[in-house]
Amino acid sequence: MELPWAEPYKVKMVEEIFQSTREQREKWIEEEGYNLFNLASDRVFIDLLTDSGTGSMSDRQWAEIMMGDESYAGSQSYLKLREVVRNTLGFPYFLPTHQGRAAENVLFSILVKENNVVPGNSHFDTTKGHIEFRKAHAIDCTIDEAFDINDLHPFKGNIDLGKLEEIYKTHPKENIPFCLITVTCNSSGGQPVSMENIKAVKALSDQYGIPVFFDAARFAENAYFIKEREEGYKDKTIKEIVKEMFAMGDGFTMSAKKDGLVNIGGLLGMRDEKLYRACGNMGIIYEGFITYGGLAGRDLGALAQGLQESTEYPYLKARIDQVEYLGNKLMEFGIPIQKPIGGHAVFVDALSFLPNVPREEYPAQTLAIELYKEAGVRGVEIGTLLADRDPETRLDRFPKLELLRLAIPRRTYSYKHLDYVAVALKKIYDRRNEINSGLEIVWESEILRHFTVLLKKK
């Protein structure tokens, strides 16, 4: 008999969490305009709002926190990070930033102009927001299989080469600053991109003289899926796959709060020295000097260690096994989710779950509110609220998928917590036909509305 698999870590510290009553939760969420972002964290029992900056750091990362060199320029913590970025990610030039959207802001301020188009695979909310804020256009070229939740395509984050080439053919080269590959692709359900597709996108883009950049927030999870699912990679290490993957990029942005395993931080990497100098000047204006970029030295050290840990197979197996566990539990209950199960979250299909709630009443947000009221579990809507309004018509944009995302923080919750979440959703699913109305907007911002929107019951 083989020994069973077990997590490659043990618990050193715990944090108490408060379990409220349904009556309390119903009152709190109404007071906060039915927006889960507005809730105080002590009013949440299990927090699956995001996996961004919410994980547990290792003892070695905490050691780096204690050893942080807080020199304004050229700190030892920065030099550690520089070595990891060069050796693990393979980029000669990089800038630290305080988080991923800051890296986007710096890069896009240099490269993205009005009326530009940025093709890619289902750009995430802040990425699309930065593009549209500059009066440019994000164009989704994801393969069609990504939008069928029951299709078991192993790489539903892939870019459709035909769609991409059509963009290249119909827009002047000078209007396409770069093609953006998001790994893994969050908006399509945490789905990976194959190495074959990455290389094909790079080859096609080279034909047309278009640079390729990565949105690399979950690059290590993407490498894990390549190792597990793609022919020819079973015997390669995660670090070898990461190096091969990034070799296809001219640069990357990264929210290091995901696969950097830190609570704060981002990176902007590139190969072109001229672009690095231009971005460096922009970074100094908005973020800080080029060797700290809005971060304390201790954060730089923790990130350097985190990037090394996240690119080890045992860690990734433990991390993704938790996501698969929750997804499989929900499928056992008959709950419709995006399949195959993604890397950082389980995505529940709200349109199938709540068939009686009209799309204009935000069914995924309605489901998220029901889950909070039922069990104190906070998820997040990846649907019409997040898709925002069309910048020209100001009408709601209805994405192909309307999802409730349950993002699993890294090294944080137990399998019992995941059982609790699954049973809570099952209880709602059993009474789904009783839920016939959703929500309407009371107030919203011009862009990225889902963070601060105020709603009321329809």
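Student: Hi! Where does tyrosine 34 lie?

Tutor: In the loop between α1 (22-31) and β1 (46-47). Helices (H or I, at least four residues) and strands (E, at least two) are DSSP runs, numbered from the N terminus. This is a predicted model: local features need pLDDT of at least 70, side-chain atom pairs count only at pLDDT 80 or more, while totals for chains, interfaces and linings use all residues. Residues are numbered from 1 along each chain as its sequence is written, and side-chain values use heavy atoms, leaving out hydrogens and water.

Student: Thanks. What is the phi of tyrosine 34?

Tutor: Positive, about 50 degrees, although tyrosine 34 is not a glycine. Most residues other than glycine have a negative phi.

Student: And is tyrosine 34 buried or exposed?

Tutor: Tyrosine 34 is buried, with a relative accessible area of 5%. Buried means under 20% relative accessible area, exposed over 50%, and partly exposed in between (1.4 Å probe, protein chains only).

Student: How about lysine 135, buried or exposed?

Tutor: Lysine 135 counts as exposed, at 54% relative accessibility. Its phi is positive too, near 60 degrees, and lysine 135 lies in the loop between α5 (125-133) and β4 (137-140).

Student: New topic: which peptide bond is cis, with omega near -20 degrees?

Tutor: That is the bond from valine 183 to threonine 184. Threonine 184 lies in the loop between β5 (179-182) and α7 (195-208). A cis peptide bond also joins lysine 339 and proline 340, with omega about -5 degrees. Proline 340 lies in the loop between α12 (313-332) and β9 (345-349).

Student: Which residues of α3 are buried?

Tutor: Ser77, Tyr78, Leu81, Val84, Val85, Thr88 and Leu89. They cover an arc of only 120 degrees around the axis, so they sit on the same side of α3. The arc is that of the directions from the helix axis to the C-beta atoms.

Student: What do the buried residues of α3 pack against?

Tutor: Several elements, including β2 (93-97), α8 (219-229) and α11 (297-310); contact means heavy atoms within 4.5 Å.

Student: And what comes just after α3?

Tutor: Glycine 90, which takes a positive phi of about 85 degrees.
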